[in-house]
Amino acid sequence: MSSKLEVEKRELVPVKDIRALVSSVFQKVGCDEDISEFVAEHLVESNLKGVESHGVMRMIQYVEQLENGYMNPSGRPSLNQNDNGAWIVNGHGGFGIPALQLGVEKAIAEAKEKGISTVAAIHCGHTGRVGAFAEKGAEAGCLTIWVGGGGHKDWPQVAPHGGSKGVLPTNPYAFGIPGGKRGPIVLDFATGQIAGGWIYAAKSAGVLLPEGMLIDVMGNPTRDPNDYFNGGAILPMAGPKGFGLALLAELIGEAMLGPATTEMNWFCVCVDTNLYVDAKKYMKVAEEILQDLRSCPTLPGFQSVEIPGERERDSYTENEQKGVAIPLKTWKQMLNLAKKLEVKSGLIKSNK
């Protein structure tokens, strides 16, 4: 195995073509056209923003889950209030990506009307790059927080601090808040040392992971992604801090929202920043803070102090015209799957 994803040979695929291929694959396994196109667009955007772990390679995993019944290909999210008036998105077992989109749209609308809002999302599959939905709220002028948890019985991926086996999911958090002239500030992180998607990506590409991410079934440190799939576990991010965050998310996701029926449950808090300060004054102060950070002297090995969210947007701008660079081994797996499903695409013909 190679040591880094970056050293692997890659196929550069035009954005329009890869988006169409992924959408067509999902439609072939029973998904509606609009849902398929939305999910494909989300995955491609993740690649363009440099978040490969939540990009088009997920197509392979999603198809497997759709075919084995883990996800419902006809599941469409719906929005309802419970008896106490709380807004809840039900994903009906389908993709989590459109479910969180529906959830954040409602959260923004409620926050703009009332100042503060909350929305939960349940019974949905993988939600993709959750930072996208926090960023959407921030673009609307809202502090937006997403927390996911509640699936520890089905997804015991991460060992608790001091533990030797997986007990908790990766229980992600995403924060978005309006920024300065260069757009929103976005934090999107798993509470494990590494997101599960990076392990899938490494396994698919046939490469090793960095040190300090995983333990094998015996509790020994390992870099081999296969050890994770053979009973190993992810270590918690920052030891007790990541464990504590994961535990809070699990209590929110399961104790408060109920056991997750597909992957995990999600809770969103949205606050209109105009409740406290007008947008012009906010941006002025935010830009001053960000400039102070950008002007900080750097340590050896660093070219600049980067602001969360800006690298992804810069990456998108740089890559949108170039296309999506996919590890060659992963690309061949994607093409073989598309061919098996009898998807019509010039990409398949050109790679015979």
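Visitor: How many salt bridges does a search of the whole structure find?

Guide: There are 16 salt bridges. Keep in mind that this is a predicted model.

Visitor: OK. What does Lys 49 form a salt bridge with?

Guide: Its partner is Glu 135. The closest N and O atoms are 3.1 Å apart.

Visitor: Is Lys 49 buried or exposed?

Guide: Buried. Its relative accessibility is 10%, and the cut-off for buried is under 20%.

Visitor: And Glu 135, buried or exposed?

Guide: Glu 135 is buried too, with a relative accessible area of 6%.

Visitor: Switching to Glu 306. Which residue does Glu 306 pair with in a salt bridge?

Guide: Arg 311. The closest N and O atoms there are 2.4 Å apart. Arg 311 is exposed at 52% relative accessible area. Glu 306 counts as partly exposed at 45%.

Visitor: What about Glu 318?

Guide: Glu 318 forms a salt bridge with Lys 322, with 3.3 Å between the closest N and O atoms. Lys 322 is partly exposed, at 49% relative accessible area.

Visitor: Which residues are linked in a network of salt bridges?

Guide: Arg 182, Glu 287, Arg 294, Glu 310 and Asp 314.

Visitor: Now helices. At roughly what angle do the axes of α1 and α2 cross?

Guide: Roughly 135°. Helix α1 covers residues 15-28 and α2 covers residues 33-48, and their axes come within 8 Å. The two helices are therefore oblique to each other. Their crossing is right-handed.

Visitor: Which residues make the contact?

Guide: From α1, they include Val 15, Ile 18, Val 22 and Phe 26. From α2, they include Val 39, Ala 40, Leu 43 and Leu 48. By class, the contact has nine nonpolar, three polar and four charged residues.

Visitor: And how do α4 and α5 cross?

Guide: At roughly 20°, with the axes coming within 10 Å. That makes α4 roughly parallel to α5. This crossing is right-handed.

Visitor: Which residues of α4 and α5 meet?

Guide: Ile 97, Leu 100, Gln 101, Val 104, Glu 105 and Ile 108 in α4 meet Phe 133, Lys 136 and Gly 137 in α5. They divide into five nonpolar, two polar and two charged.

Definitions and conventions:
Residues are numbered from 1 along each chain as its sequence is written. This is a predicted model: local features need pLDDT of at least 70, side-chain atom pairs count only at pLDDT 80 or more; totals for chains, interfaces and linings use all residues. Side-chain values use heavy atoms; hydrogens and water are left out. Axes are lines fitted to C-alpha atoms, for helices over the stretch in contact, and angles run from 0 to 180 degrees between N-to-C directions. Helices (H or I, at least four residues) and strands (E, at least two) are DSSP runs, numbered from the N terminus. Angles under 35 degrees count as roughly parallel, over 145 as roughly antiparallel, 65 to 115 as roughly perpendicular and the rest as oblique. A crossing is left-handed if the near helix is turned anticlockwise from the far one by less than a right angle, and right-handed if clockwise. Contact means heavy atoms within 4.5 Å. Ala, Val, Leu, Ile, Met, Phe, Trp, Tyr, Cys and Pro count as nonpolar, Asp, Glu, Lys and Arg as charged, and the others, Gly among them, as polar. A salt bridge is a side-chain nitrogen of Lys or Arg within 4 Å of a carboxyl oxygen of Asp or Glu. Buried means under 20% relative accessible area, exposed over 50%, partly exposed in between (1.4 Å probe, protein chains only).
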